[in-house]
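This report goes through a few strands and helices of the structure shown below.

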Amino acid sequence: MGLVENGKLPGPLTKLLNISRKYSLWVYQWGLACCAIEMGAAFASPRYDVMRLGVIPFPASPRQADLVVISGTVTDKMAPAVRRLYEQMPEPKYVISMGSCANCGGPYWDSYSVTKGVDQIIPVDVYVPGCPPRPEALLEGIVLLQERIASEDMTDRWNRDPIVVT
Amino acid sequence: MNLEASTQQLSYIANQASDARVNIELETEGMTLNLGPQHPATHGTLRIIVRLDGEQVVSAEPVMGYMHRGYEKLTEVRTYPQVTTLVNRIDWLGSFANEVPFILAAERLMEVEAPPRAQWIRTALFELSRIANVVLFLGDMAVQLGATTPVFYAFRDREFVLNQIESVTGGRFHPNFDRIGGIKDDLPKGWIQETKDVLSRIHSFCDEMEDLVVGNEIFQTRTRGIGIIPADTGLAYGLSGANIRSSGVDWDLRRDGGVGLIHDQLDWKVWTHPDGDSFARYWVRLQEVRESCKMVSQILDGIPSGPIMAKVPRIIKVPPGEAYVETENPLGIMGYYIISKGDLVPYRVKIRSASFNNVSITPWVLKGVYVPDVISILASLYFILGDIDR
């Protein structure tokens with residue numbers, strides 16, 4: 001993807017690459033707290049079924065993943081591991097912060113051991129609010145991320161504001 | 001000593017020496033393997049450091065605290081109604097069951113008692129959250145042993161239970177519905193009939209699991225005789241819930257505890273299993289889901305009418321004193337020790353959660369097993385990380 005990173009590809013080719021990236025997002029299976037169960041419901045349950053959106057939820061290693069869902073409370077003890085897993089993912093990579101705890105600390109806003117927001121340690125693309133968010137909200141976040149990927153220009157990728165699911 | 005005898009002796013020594021050399025050659029270098037803190041087999045962040053000799057575990061050490069959120073400190077700055085919001089998130093699969101012992105302890109301090117209708121609805125929700133919790137275990141343990149289908153079935157049927165909880169409480173996951181002196185709202189219209197339909201679904205789910213998983217030869221080979229916990233060792237480590245009942249200890253606080261729930265008015269049975277292995281733990285939990293279904297259907301038939309709230313002041317100040325209440329939660333015994341100084345907030349709350357004790361037996365039970373059995377044992381012990389670290 002080196003050429004794409006430089007923004008040197010002609011428009012139609014970039015579009016083709018974007019469409020293929022959009023429909024083959026590999027989500028790293030990464031559960032932290034309560035939200036992991038709702039994420040499991042969105043990914044593994046027949047009612048929500050994320051695979052129809054082209055999201056494949058079972059890579060065994062972060063090195064095969066494009067997207068990571070930070071689902072739950074990040075504690076100060078866990079934060080280095082989160083950072084390390086994020087760094088192991090290959091570019092281009094996306095992060096969905098799921099739930100109030102990962103967004104800003106949530107109900108543990110005054111706790112001594114909780115990192116108040118995962119955006120302190122890794123950049124976040126989509127914020128999904130809720131405690132925990134319903135599986136539909138996570139799916140909405142994924143759909144919004146896919147829309148952004150479809151119209152993505154690699155040169156100004158890092159200058160964009162994060163999406164907030166409302 | 002004649003020549004023949006000394007030759008024999010020499011050959012014996014040579015044999016021994018070659019055996020020893022082969023053994024030394026076969027002996028592998030020890031390896032330290034980190035299971036976690038991120039591991040697909042733990043829905044959460046438990047880290048287990050296992051020291052291996054070949055495929056065999058020499059020692060295992062659980063490292064906790066990756067999900068420590070400081071509950072006991074946070075409760076000191078939350079008012080009593082706010083604490084229930086917080087403690088919902090300890091065992092996130094059966095959230096309502098976490099509130100109940102705390103509310104019961106506060107009620108004991110305030111010397112109020114919930115009206116009968118509130119107690120019956122409370123018990124129904126308590127058992128529904130147990131179903132929502134253990135149903136996921138029934139699928140999850142199978143997926144950790146390599147069978148992917150049961151977890152899809154579990155999530156499918158769990159949704160219906162969550163729908164019922166949501167239609168009463170408004171919260172799909174974290175109800176925050178229990179109040180000191182009763183419950184927040186009455187049951188919605190038509191809920192009883194809908195819940196009966198859901199219970200029949202869960203019954204058929206249990207039958208499915210019995211056919212799919214319990215009768216499966218691979219499942220039996222990977223769980224029978226694996227991770228045996230004798231009753232006395234289990235009791236010494238403080239195991240509770242289905243983990244100790246599957247070692248043959250007939251002990252269930254719903255029957256023996258006598259706290260403010262109405263399990264003693266229902267007709268049900270405590271299941272035990274003599275083996276104490278991974279299979280027994282799965283089997284006992286499967287039977288418990290069936291018993292819970294039985295209990296809920298009895299409750300639905302017999303809910304008395306009447307008020308749902310006792311007379312409680314608007315601003316809740318709990319009189320000074322200490323109270324400890326424990327109940328039989330989905331994972332085992334959960335208790336709250338509240339010390340009150342007559343304030344709006346508790347002075348100190350000690351939380352006794354089941355998974356902390358359940359996971360403390362892992363160094364003992366993992367010693368000498370093979371690596372694939374580690375997954376089977378950890379899955380069958382069934383801990384939830386929020387319940388360990390709090």
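## Strand pairing and helix packing

Strand β6 (residues 321-329) of chain B pairs with strand β7 (residues 332-340) of chain B in the antiparallel sense, over 9 bridges. Two strands count as paired if DSSP finds at least two bridges between them. Helices (H or I, at least four residues) and strands (E, at least two) are DSSP runs, numbered from the N terminus. This is a predicted model, in which local features need pLDDT of at least 70 and side-chain atom pairs count only at pLDDT 80 or more, while totals for chains, interfaces and linings use all residues. Residues are numbered from 1 along each chain as its sequence is written, chains are lettered from A and ligands numbered from 1 in the order in which they are written, and side-chain values use heavy atoms, with hydrogens and water left out.

The link between β6(B) and β7(B) is a hairpin of 2 residues, and B:Glu328 stands opposite B:Ile333 in β7(B). β7(B) also pairs with strand β8 (residues 348-352) of chain B, again in the antiparallel sense, over 5 bridges. There B:Ile338 has B:Val349 in β8(B) as its bridge partner. Strand β7(B) is largely enclosed by the rest of the structure, because 7 of its 9 residues are buried (under 20% relative accessible area, with a 1.4 Å probe and protein chains only). Of the 390 residues of chain B, 57% count as buried. Chain B holds 16 helices and 8 strands.

Two helix pairs are listed next. Axes are lines fitted to C-alpha atoms, for helices over the stretch in contact, and angles run from 0 to 180 degrees between N-to-C directions.

| Helix pair | Angle | Axis distance |
|---|---|---|
| α2(A) (residues 11-22) and α6(A) (residues 135-150) | about 160° | 8 Å |
| α5(B) (residues 116-144) and α15(B) (residues 371-381) | roughly 175° | within 9 Å |

α5(B) is therefore roughly antiparallel to α15(B), a term for angles over 145 degrees. Their contact (heavy atoms within 4.5 Å) is made by B:Phe137, B:Met141 and B:Gln144 of α5(B) and by B:Ile375, B:Ser376, B:Ala379 and B:Ser380 of α15(B). By class, the contact of α5(B) with α15(B) has 4 nonpolar, 3 polar and no charged residues. Here Ala, Val, Leu, Ile, Met, Phe, Trp, Tyr, Cys and Pro count as nonpolar, Asp, Glu, Lys and Arg as charged, and the others, Gly among them, as polar.

α2(A) and α6(A) are likewise roughly antiparallel to each other. Their contact is made by A:Asn18, A:Arg21 and A:Lys22 of α2(A) and A:Gln146, A:Ile149 and A:Ala150 of α6(A).

Terms used:
Angles under 35 degrees count as roughly parallel, over 145 as roughly antiparallel, 65 to 115 as roughly perpendicular and the rest as oblique. Buried means under 20% relative accessible area, exposed over 50%, partly exposed in between (1.4 Å probe, protein chains only).
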